[in-house]
Amino acid sequence: MAAMRKALPRRLVGLASLRAVSTSSMGTLPKRVKIVEVGPRDGLQNEKNIVSTPVKIKLVDMLSEAGLSVIETTSFVSPKWVPQMGDHTEVLKGIQKFPGINYPVLTPNLKGFEAAVAAGAKEVVIFGAASELFTKKNINCSIEESFQRFDAILKAAQSANISVRGYVSCALGCPYEGKISPAKVAEVTKKFYSMGCYEISLGDTIGVGTPGIMKDMLSAVMQEVPLAALAVHCHDTYGQALANTLMALQMGVSVVDSSVAGLGGCPYAQGASGNLATEDLVYMLEGLGIHTGVNLQKLLEAGNFICQALNRKTSSKVAQATCKL
Amino acid sequence: MGNVPSAVKHCLSYQQLLREHLWIGDSVAGALDPAQETSQLSGLPEFVKIVEVGPRDGLQNEKVIVPTDIKIEFINRLSQTGLSVIEVTSFVSSRWVPQMADHTEVMKGIHQYPGVRYPVLTPNLQGFHHAVAAGATEISVFGAASESFSKKNINCSIEESMGKFEEVVKSARHMNIPARGYVSCALGCPYEGSITPQKVTEVSKRLYGMGCYEISLGDTIGVGTPGSMKRMLESVMKEIPPGALAVHCHDTYGQALANILTALQMGINVVDSAVSGLGGCPYAKGASGNVATEDLIYMLNGLGLNTGVNLYKVMEAGDFICKAVNKTTNSKVAQASFNA
């Protein structure tokens, strides 16, 4: 053993994550968790194969029947940037709108917002980031400038009685800046909340986070924004999504984003996986006795349907284990 | 994820982030700054021992029969990653497990690095004697918390199996050879369904009582979730000190890392895993098997826990064996890091 050992290096990186994540964190888990299904938008957006409008509509309908209460349907973005979302108006108009289910859509700017409302949207989503560089590369402006753009949307949404959800990307790390300080995430989240977002989803955009980092980030954010207004959106690029989500639940978060079949890759790591699979999330929550309202069997069917349409294998382990190949 | 041009692939600072988060560095021991030491000691265990089961549990459940020299090369590579325990092979009849037919050649052929232990499975006294003759210095016995599983797997009841294991463990102790005990179906059984924590405790206690230095509690079919893991461990830890316990989680339903996190939070600091997530699940065709060592290390590194293992070297060993077995890795870290 002595031959293998040298002096322990200073753990410079990640020291901030050396927090007590022990049994004291295993507080009472929420009794109910709201799952925000982002497959039709975040999932499909990052899939190479373009899927037809009828298939998209059927996917959303199947997800509605599976008992999900929030299904992010599409994105009112220019098809020049995101060809997959080119049929946003047709999709939103074409889906069955079940009572009790919300169908938020992304609206990156006022123009998109207006088009979304015209197409019948009752809830919209704005997309910010806790990283200056990511904001610049993604929407070509600074974080401060992005707030001004979003403010226009929020004001318009308020007049029209439309709810607005906010995303904070790069909450646990940025592909350009590297580490992101929890304080920065808290600052951006607080701003969104004060501007009128009813809920803010904190996204581990490139999936680099681990439970300690998740805890640190949430600890900072929870000091500025009520827990009930927070959600986590974990990517599974490094296989950490469910463990990170569990940590968030232990901290009291009760809204979790996920994507059926774990749809969506990661544009920053070729070949890598993307979103946390809804089936695997539901499996864990059910095992924990947490109410989700989701029918896992119907969810699996929806996942199977979209994977066949996309001509790809599911990224959900539950689906892999359940469907005999 | 927003309107990200799909043309953005790898970027320099992303690689930097990867390196930072992957915590590349050799295992080491030494004094920590007292301030750091305090925060490290509170909460999770300071050090986590990873028991690498890829060459045995992993390969055993792979369809492609791997040539002996590849197995030896694979184990030799793993020995150089900082892993301190590598489960090498199983001295079981080749009629039952063809993949392990070359157990003697593998055991004799590997380079036994100082500071690394090379346990082997020995289901019975005959296997034990062969193992010792081949140079084994540590052995494992494999029990189950389910009567049906025990019957189907080794064709005897739990009680009968304990009798056999006692013979093996006694002989091992007599020769100063440490014995590790496995308890399969700790969180569920493919035949019986749910398994009571009390049953797991009973079997674990038997194995511990007969002289096994460590008991690895296995979620054999990966059905466990953090709640069932917690309940099972609470029961077992009443009878067996946490320092003598390990968890062996399968990722069949994607729950492995969440279950492992739960175990760590309860004070367990020995975790079994398989490089590249080798091994399928014989009970769920097409399903995945072991938790991937790379993904485990990534999480442990991120949590600031020492493992002594160099993640890059493990990824390289994983890449080697996946090419040899002609399969894509099951490790998400490897998928993200190597261009697919």
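Tutor: Start at B:Val247, which stands opposite B:Val271 in strand 8 of chain B. Before we go on, please keep in mind that this is a predicted model, in which local features need pLDDT of at least 70, side-chain atom pairs count only at pLDDT 80 or more, and totals for chains, interfaces and linings use all residues. Residues are numbered from 1 along each chain as its sequence is written, chains are lettered from A and ligands numbered from 1 in the order in which they are written, and side-chain values use heavy atoms, with hydrogens and water left out.

Strand 7 (residues 245-249) of chain B runs parallel to strand 8 (residues 270-273) of chain B, and two bridges pair them. Strands count as paired if DSSP finds at least two bridges between them; strands (E, at least two residues) and helices (H or I, at least four) are DSSP runs numbered from the N terminus. This pairing belongs to an open, parallel sheet of eight strands in chain B, ordered 2-1-8-7-6-5-4-3. At its edges are strand 2 (85-86) and strand 3 (120-121) of chain B, each pairing on one side only. Helix 9 (residues 197-209) of chain B packs on the sheet and touches strand 4 (139-144), strand 5 (179-184) and strand 6 (214-219) of chain B. Its direction makes about 165° with that of strand 5 of chain B. Here a contact means heavy atoms within 4.5 Å, while axes are lines fitted to C-alpha atoms, for helices over the stretch in contact, and angles run from 0 to 180 degrees between N-to-C directions.

A nonpolar core is a set of buried Ala, Val, Leu, Ile, Met, Phe, Trp, Tyr and Cys residues joined through side-chain atoms within 4.5 Å; buried means under 20% relative accessible area, exposed over 50% and partly exposed in between (1.4 Å probe, protein chains only).

A:Ala231 leads us to strand 8 of chain A. From this strand, A:Ala231 and A:His233 point one way and A:Leu230, A:Val232 and A:Cys234 the other, and all are buried. Strand 8 of chain A runs parallel to strand 7 of chain A, joined by five bridges, and A:Leu230 is the bridge partner of A:Ile200.

These strands sit in the sheet of chain A, where nine strands form an open, parallel arrangement in the order 2-1-9-8-7-6-5-4-3. Strand 2 (70-71) and strand 3 (74-75) of chain A are its edge strands. Strand 1 (residues 34-37) of chain A pairs in the parallel sense with strand 9 (residues 255-258) of chain A over four bridges, and A:Glu37 has A:Ser258 as its bridge partner. Helix 9 (residues 241-250) of chain A packs on this sheet, touching strand 7 (199-204), strand 8 (230-234) and strand 9 of chain A.

A:Ser259 lies in the loop between strand 9 and helix 10 (278-287) of chain A. It counts as buried because its relative accessibility is 0%. Leaving aside neighbours within four places in sequence, its contacts include A:Glu37, A:Gly43, A:Asn275, A:Thr278 and A:Glu279. A:Ser259 and A:Glu72 are 187 residues apart in sequence, yet 9.7 Å apart in space, C-alpha to C-alpha.

Helix 10 of chain A is mostly covered, with eight of its ten residues buried; among them are A:Thr278, A:Glu279 and A:Tyr283. Just after this helix, A:Gly289 takes a positive phi of about 75°.

Finally, back to the chain where we began: chain B has 14 helices and eight strands, and buried residues make up 61% of its 340 residues. Of the contacts in chain B with a separation of 6 or more, 76% come from residues 24 or more positions apart.
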